Structures are given as C-alpha cells and as structure tokens.
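Please keep the sequence and the model in view while reading.

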2 protein chains.
Amino acid sequence: MEEQDIIRALAALAHEIRLRVFRALVVAGPDGMTPGALGEALSVAPTTLSFHLKELTQAGLLLQSRDGRHLIYRADYARMGALMAYLTENCCRGTPCVEAAPSCTNC
Amino acid sequence: MEEQDIIRALAALAHEIRLRVFRALVVAGPDGMTPGALGEALSVAPTTLSFHLKELTQAGLLLQSRDGRHLIYRADYARMGALMAYLTENCCRGTPCVEAAPSCTNC
DNA sequence: TCAATGATTCAAATATCGTTGAATTATGGA
DNA sequence: TCCATAATTCAACGATATTTGAATCATTGA
C-alpha cells in the first residue's frame with residue numbers, strides 16, 4: 001500500500017458511522033451484511049449510509065457483491081491486514097514501541 | 001481509548017503532512033525533533049506545521065516539551081500502541097483476519 | 001532592558017466533507 | 001409488462017478542515 005492508500009484508509013475509518021459500519025462488518029464475517037441490515041442495526045438513513053459505504057469501498061476496506069436485489073458488503077480483511085502492517089512497520093522500529101504494543105502478539 | 005479517541009487519532013494520521021510528521025518522530029525516537037527541524041526535513045511552512053503539530057498533539061499522538069527556546073515533539077508510543085491494540089482487537093476476532101495480518105507477529 | 005530567534009495564535013479565504021430529500025437504477029414476482 | 005422493493009445517485013446546503021501572512025508570545029544572550 002502506498003502512502004496515499006494508507007491515508008485514504010485512515011480517513012475512511014476516522015468517522016463515527018464508518019468506523020461502526022466497518023466493525024459491524026468485521027464481526028459479521030464472510031457473510032457480510034446488506035445496507036438495509038446495517039442501516040437498521042446502526043440507525044443510519046439509507047442515503048447517508050450509502051454515502052459512507054461508498055467511501056469505505058473506494059478506500060479499499062469493503063468488498064461489494066450482489067445477491068438478487070440485495071447488495072452485500074464485507075470487510076476486506078486482507079486490506080485491513082495491510083494497513084495494520086504499514087502502521088506496525090513504523091510502530092515497531094524502536095524499542096519503546098515493542099513495549100507499548102504487546103497486544104500485537106495476540107495475532 | 002474510547003471510540004471518539006480512536007476516531008480523533010485516525011483522523012490525525014489521515015493527512016499527508018501529519019502522517020509524515022508522525023513517522024519522522026517515530027524514527028527520531030526519544031530525542032524527538034523541533035518544529036524547525038521537522039519543517040526543514042519535510043519542507044512545510046512554520047505556520048502550517050504548527051497547525052498540524054497541534055492536531056497530532058491534541059489527538060494524543062505527540063508529546064511536547066521545551067528545551068530553552070526550542071519546543072521538542074516526540075511520538076507517544078504508548079498511545080500509538082493503544083490505537084494498534086484497538087484496531088487489532090477488532091481485526092483479530094475472526095479467522096480470516098489472523099491469516100491476513102501475519103506481520104503483527106513481528107512485534 | 002532590548003534585540004533576535006523559535007514557535008504559536010489569529011483571522012480570513014478556500015477547499016473538502018457530510019447530510020438530506022427527490023429522482024433514478026436494478027431486480028424479482030404477480 | 002407493471003408494481004414493489006433495495007439501494008444508489010444527484011444537487012444543494014451547512015459544517016469542518018486547511019492554508020497563509022501578519023501579529024503575538026516565550027526565551028536567550030548582549
């Protein structure tokens with residue numbers, strides 16, 4: 001991932017609705033969720049949700065597919081992994097960082 | 001870290017200048033850097049840099065101290081670690097995530 | 001105390017982001 | 001084909017964020 005891709009992904013996640021949408025989809029797993037289900041679960045208007053789903057998708061964090069008249073959004077785990085790797089790469093160059101991020105070992 | 005803290009930190013990092021400033025300070029380590037040195041290294045005007053340093057500091061990602069007439073900024077590794085932990089916490093709930101983020105094991 | 005240096009704050013202009021309702025596209029079933 | 005459903009796109013408005021030069025604050029050394 002290039003610097004601009006990282007910035008785009010960070011910007012996409014740096015919004016209350018989008019962060020909640022992304023987390024909901026991470027929890028939902030491979031089955032993903034429809035905009036209708038997400039909108040109901042998070043109490044977000046269809047138009048507003050559509051705008052944010054587009055932002056997340058264009059940032060590369062979500063994958064979209066269709067099932068009949070439903071669209072299905074899923075978290076792109078590989079992309080999230082790449083973002084984590086980029087941040088971790090810089091985070092772990094110095095000694096203090098290793099001590100400060102012990103949770104990384106959970107992976 | 002609360003959701004709002006996470007959003008603030010992500011928003012702070014989601015900007016070209018601020019991401020470069022933060023990375024420069026991570027590389028600089030405990031000694032930190034002055035705004036003058038950062039401005040020269042990254043070719044950013046003093047006023048603009050000051051604005052972004054304030055953003056990063058208020059987001060909790062930087063620590064500020066004074067040495068004579070120089071200010072010294074340092075990356076807050078603990079905060080960065082907490083941010084990584086929050087993202088990792090959600091990232092690692094499902095199986096796909098573990099496979100997608102192998103670099104986490106470098107920590 | 002005064003001048004010089006390092007850095008920030010302020011105010012104004014520009015650019016970008018976020019929300020909303022109305023209109024539009026896509027699909028499935030009668 | 002026609003209607004209902006699921007979701008998006010469009011346009012306009014208001015809210016935020018970013019940049020810039022001028023002014024201000026803090027500190028050191030003469």
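In chain A, 45% of the 107 residues are buried, where buried means under 20% relative accessible area, exposed over 50% and partly exposed in between, found with a 1.4 Å probe on the protein chains only. The model is predicted, so local features need pLDDT of at least 70 and side-chain atom pairs count only at pLDDT 80 or more, while totals for chains, interfaces and linings use all residues. Residues are numbered from 1 along each chain as its sequence is written, chains are lettered from A and ligands numbered from 1 in the order in which they are written, and side-chain values use heavy atoms, with hydrogens and water left out.

**Chain A**
- Chain A contains six helices and two strands; helices (H or I, at least four residues) and strands (E, at least two) are DSSP runs, numbered from the N terminus.
- Along the sequence, the order of these elements in chain A is α-α-α-α-β-β-α-α.
- Of the contacts in chain A with a separation of 6 or more, 58% are between residues 24 or more positions apart; contact means heavy atoms within 4.5 Å.

**DNA strand C**
- DNA strand C is surrounded by 20 residues, and the closest are Thr47(A), His52(A), Arg69(A), Gly36(B) and Tyr73(B); a residue is near a strand if one of its heavy atoms lies within 4 Å of it.
- Of the atoms of DNA strand C that come within 4 Å of the protein, 67% belong to sugar and phosphate.
- An N or O atom in the side chain of Arg69(A) is 2.9 Å from a sugar or linking oxygen of DNA strand C.
- At least two residues of the surface near DNA strand C come from each of helix 4 (46–58) of chain A and helix 3 (35–42), helix 4 (46–58) and strand 2 of chain B.

**DNA strand D**
- Around DNA strand D there are 20 residues, the closest being Ser50(A), Tyr73(A), Thr47(B), His52(B) and Arg69(B).
- Sugar and phosphate make up 64% of the atoms of DNA strand D that come within 4 Å of the protein.

**Ala75(A)**
- Ala75(A) belongs to strand 2 of chain A and is buried, with a relative accessible area of 6%.
- Beyond its neighbours within four places in sequence, Ala75(A) is in contact with Phe22(A), Leu25(A), Val26(A), Leu61(A) and Leu62(A).

**Asp76(B)**
- Asp76(B) sits in the loop between strand 2 (70–75) and helix 5 (77–91) of chain B.
- Asp76(B) is buried but has no salt bridge, and the nearest side chain of opposite charge, Arg79(B), is 6.0 Å away.
- A salt bridge is a side-chain nitrogen of Lys or Arg within 4 Å of a carboxyl oxygen of Asp or Glu; Lys and Arg count as positive and Asp and Glu as negative, with His and the chain ends not counted.
- The side chain of Asp76(B) reaches the backbone nitrogen of Ala78(B) at 3.2 Å.

How values were computed:
Polar contact = N/O pair within 3.5 Å; in protein donor to acceptor, adjacent residues only side chain to side chain.
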